[in-house]
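User: Could you take a close look at the interior of this model for me, and then at what is packed around it? I'd like the cut-offs spelled out as you go.

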Amino acid sequence: MSGIYIHIPFCKTRCSYCDFFKSTKLLYREQYIEKLLEELRDRRHFFGSRKNNLQTIYFGGGTPSLFSEKSIDNILNTISKNFPVADNAEITLEVNPDDLSPEYLKALRKTGINRLSIGVQSFYDVDLQKMGRRHDAMQSRRSLEWVFQTGFENVGIDLIYGLPWSDGSTFLSNLDILSNYPVQHLSAYHLTIEPGTQFGKLKRQNRLSEPDDSESEKIFWALHDKAAEMGFEHYEISNFCRNGLYSRHNTAYWDNVPYLGAGPAAHSFDGTKRYWNKSDLNQYIKQGFSAGISCETLTLKDRFNEYLMLRLRTSKGMNVDEVKKNFESYWNRIEPDINKWIQKEFLEKSDGYIYGTRKGWFVIDAIIEDLFILE
Ligand code: SF4
């Protein structure tokens, strides 16, 4: 198993809450593609002697749907010439509703894209305007109709909750609208106000603040319950799927499967070492990825902490036998703390797995931090 992540670091404008690495200088797109193809060719031996086919390819950003079908096709052709791709590979494109049209969607299907992740964020114009999104609610509804008319079956949407001006009931009514479409995947993220964003500036001026934790937790569980009624499995803290159509690409990250990330700011993992490309678009375009790549070998402690962090965020949790086998000494060190959290009913142990309870899952990041091995 392995996967490739393609970073498309361009957006038409900046959303008010977003601190992802991206640029609004769209005129560099063609030069960018050249360097990206070069990186894919140069790193064709990244997975070493492993003969496993690529199981997933994921175009994320930024806004991948700013690229023409020709560019997407060009990237996919370069990948298949340089890496063995499984016949049933999951090939995902993140798209924004305002970039979609029936013609573009038909052309995307021909390139081999078989999964779409649509950045809907909310079906309410007031939310979209305040978040600085470029699309409106009508564009989201229309693009969902086009997507299914075109024949895409594996379609997910992103929503954001915890908006300072909105209450839980407004957020949940997004799910009523969603129920009109055969969407198979839902990613629902709580808004985080990051310092370097427009929202961060408003927060510093005391003009915006996140809702308090108890309000956020109420929405989290109401979302969980309502999504369950709609047939969604809540398989990771921010992710839900129907009919077993979880994101194979993201699940592979959580399972520590090797992946190659191409483009500035993209991370890669070969099973032992982590690599990251410099977050510098200008340098990437001028000199390519190799001028800015960094690397670290993960120690056993790093891998253990990562295992905890990734697994306890999933509903399945961590497998006790697996953790004992791979990290015995660290397991012995954290077992008393695990038991403490089990006694307090924040964690539960059942069928050989440890996972967050209803009381614990929403605050799982704090529990993970408590369990981290620091030295
Ligand atoms: S479209 Fe996505 S990546 Fe671009 S600014 Fe908005 S949230 Fe960030």
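**The core and its surroundings**

The largest nonpolar core has 91 residues, and Ile6, Phe59 and Ile157 touch the most other members. Such a core is a set of buried Ala, Val, Leu, Ile, Met, Phe, Trp, Tyr and Cys residues joined through side-chain atoms within 4.5 Å; buried means under 20% relative accessible area, with a 1.4 Å probe and protein chains only. Because domain 1 (3–253) and domain 2 (299–375) both give residues to this core, it lies between them; the domain bounds come from an automatic or database assignment.

A word on the source: this is a predicted model, in which local features need pLDDT of at least 70 and side-chain atom pairs count only at pLDDT 80 or more, while totals for chains, interfaces and linings use all residues. Residues are numbered from 1 along each chain as its sequence is written, and side-chain values use heavy atoms, leaving out hydrogens and water.

Back to Ile6: leaving aside neighbours within four places in sequence, Ile6 is in contact (heavy atoms within 4.5 Å) with Leu36, Leu40, Tyr58, Phe59, Gly60, Ile75, Ile79 and Ala262. A second, separate core of 13 residues includes Cys15, Leu128, Ile160 and Leu163. In soluble globular proteins, nonpolar side chains tend to be buried together.

Cys15 also belongs to the residues around the ligand, along with Cys11, Thr13, Arg14, Tyr17, Cys18, Phe20, Lys22, Gly62, Thr63, Asn96 and Arg133; each has a heavy atom within 4 Å of the ligand. This shell divides into five nonpolar, four polar and three charged residues. Here Ala, Val, Leu, Ile, Met, Phe, Trp, Tyr, Cys and Pro count as nonpolar, Asp, Glu, Lys and Arg as charged, and the others, Gly among them, as polar.

Seven of its seven residues are buried, so S4 is largely enclosed by the rest of the structure. Arg115, Ser117, Gly119 and Gln121 are buried on one face, and Leu116, Ile118 and Val120 on the other. Strands pair if DSSP finds at least two bridges between them. S4 runs parallel to strand S3 (residues 85–95), joined by four bridges, and pairs in the parallel sense with strand S5 (residues 154–161) over five bridges. Leu116 stands opposite Leu93 in the S3 pairing, and its bridge partner in S5 is Val155.

Key
Buried < 20%, exposed > 50% of the residue type's maximum accessible area, 1.4 Å probe, protein only. Helix = DSSP H or I, 4+ residues; strand = E, 2+ residues; numbered from the N terminus.
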